[in-house]
Amino acid sequence: MKKPIVTLLLGAAVLTACGTGGTSAPAGDGAKPAATSTGTGTVAWGTCTDLIGPDGKPATPAAGVECGKLPVPLDYAKPDGEKIDLALIRIKATGDRTGSLVFNFGGPGGSGVDTLAMAATAFADLGKSYDLVSFDPRGVDRSSGVTCGDEIEELLTANLDADQDALAKEYAAACAKDSGKILPHVGTVNAAKDLDVLRAALGDKQLNYFGLSYGTHLGAVYATHFPKNVGRFVLDGAFDPTVTFEERAVIQATGFDQAFAAFAKDCVAKGCDLGADPAAVEKTVEDFVDGLKTKPIKVGDRELTYGLGQLAIITPLYAQQTWPVLEQATAAAIKGNGTVLLALADAYTGRRADGTYSTMMTSLTAINCADNTERPTAAHTARVNEKVKKIFPILSFDGATGTCAHWPVPGDDAARRIDATGSAPIVVIGGKGDPATPYQWAGKLMDQLKTGVLVTYEGEGHGAYLTGNGCVMKTVNAYLVDGKLPSNGTICAA
């Protein structure tokens, strides 16, 4: 039997962001941006040469797409010391330019360079007025990305009954060996300082920013440390950084369970190959995933294991648009063809077409562990798993150990403290059907910011803007482009 990679990843809270490490400026006091002591830096823009497409293969940049690098301090306590390069991407404004709009699409651990290149058309309306800009945060892919030997591949192929505590120790040791220089300096506070250096390098007096998922946390931390530099901010799919490991796991399990139920109901309404009623659909999928524990499905020279099956099922639950893929891929896998489900799992773990991996998973672990003082033990994780199993069994992580318990870098709770007093208004969007960042977190983040304005999306999916909902897009575009602030409590129907 194969050990589920979910076991290790969910033990570190895989599905959204948390905390920060590094040296922090005083919160809420308009602290001087790091750029004042490091130099604003300049970006030499040029042709993008190493983009990766959604299929994991090299991609050709579209017209108007440029890439660049920006040096920032490795250690902000030593601003004149060693530098690392942040990898950047820019898509020039197609109309009358009013400035730059910087994106973080989530993770932590996601590549903003690859994601903006793939998702640019979704933000075309904003791209008329803004240069669209994103980056690989420190510790991610091209920006001194955290690597951990071949541990991810080994975790995917280890036996289910392996000593998982030993695996976690080996994983942490491999990360320390490969990336010991960057590990103490990843984290959301340091990433926020990088954002301010980027703002200055782009020539913008204030930062205009669009954060999704983990990007909402990064934006909130930036607003806390640089409130006077906040321009037009939209935080979509809001994360509450004050939640504990246990609270996060339980709340997200509830969110995914609700999305799974909504998928099953929708599937039956449209004619479903997985069951005649919603309960039957859910049981079919749960039984299929559980069966992978003892009977993985061969896909070429690879296998769709239990852990990969878990990831494959939850991936299309993030967006209602991909629910049909979940139905079709699961129905095919039940008949023995696991190709599409394996591809979904590969997309989640950052596996490329050549069999290598992006730093998605390793960066996520590094940032989560460095960003939080919580160090859940195996016993604590087991107790949490029992709660998750009762709510949404597909997301359970039997036998998990606390990955961060063995992490070589101490955690820091600095980014759990949010207070953007003195900033411009910040639009916070929460979706009632969001599985990964449940709706209740949006109100909590808004309250912490002190300057937040809440917009509610009543539909399904993680991140309201990317659902294509007309009301959400109109509301966001009106603020970012025209400065028209929505009323607090604005509601967008599904």
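In what sense do strand β5 and strand β6 pair, and over how many bridges? In this predicted model, strand β5 (residues 207-212) and strand β6 (residues 230-236) pair in the parallel sense over 5 bridges, and within this pairing Tyr 209 is placed opposite Phe 233 of β6. Strands of a sheet pair through backbone hydrogen bonds, and they may do so in either a parallel or an antiparallel manner.

Strand β1 (residues 65-73) pairs with strand β2 (residues 83-91) in the antiparallel sense, over 9 bridges, and Cys 67 stands opposite Ile 89 in β2. Of the 9 residues of β1, 7 are buried, so the strand is largely enclosed by the rest of the structure.

A search of the whole structure finds 5 disulfides; a disulfide is a covalent bond between the sulfur atoms of two cysteines. With bonded cysteines counted along the chain, the disulfides follow the pattern 1-2, 3-4, 5-6, 7-8, 9-10. One of them is formed by Cys 48 and Cys 67, whose sulfur atoms are 2.0 Å apart. This pair links distant parts of the chain, since Cys 48 lies in the loop between α2 (35-38) and β1 whereas Cys 67 lies in strand β1, 19 residues apart. The torsion about the S-S bond of Cys 48 and Cys 67 is about 95 degrees, so this disulfide is right-handed, and both cysteines are buried.

Another disulfide joins Cys 148 to Cys 175, with an S to S distance of 1.9 Å. Because the torsion about the S-S bond of Cys 148 and Cys 175 is about 100 degrees, this disulfide is right-handed. Distant parts of the chain are again linked, with Cys 148 in the loop between β4 and α4 (151-157) and Cys 175 in helix α5, 27 residues apart; Cys 148 is buried, and so is Cys 175.

Helix α5 (residues 164-179) also contains Ser 179, which counts as buried because its relative accessibility is 5%. Leaving aside neighbours within four places in sequence, Ser 179 is in contact with Gly 145, Val 146 and Thr 147.

Definitions and conventions. Residues numbered from 1 in each chain as written. Predicted model: local features only at pLDDT ≥ 70, side-chain atom pairs only at ≥ 80, totals over all residues. Heavy atoms only, no water. Helix = DSSP H or I, 4+ residues; strand = E, 2+ residues; numbered from the N terminus. Buried < 20%, exposed > 50% of the residue type's maximum accessible area, 1.4 Å probe, protein only. Contact = heavy atoms within 4.5 Å. Pairing = 2+ DSSP bridges. Disulfide = S-S within 2.5 Å.
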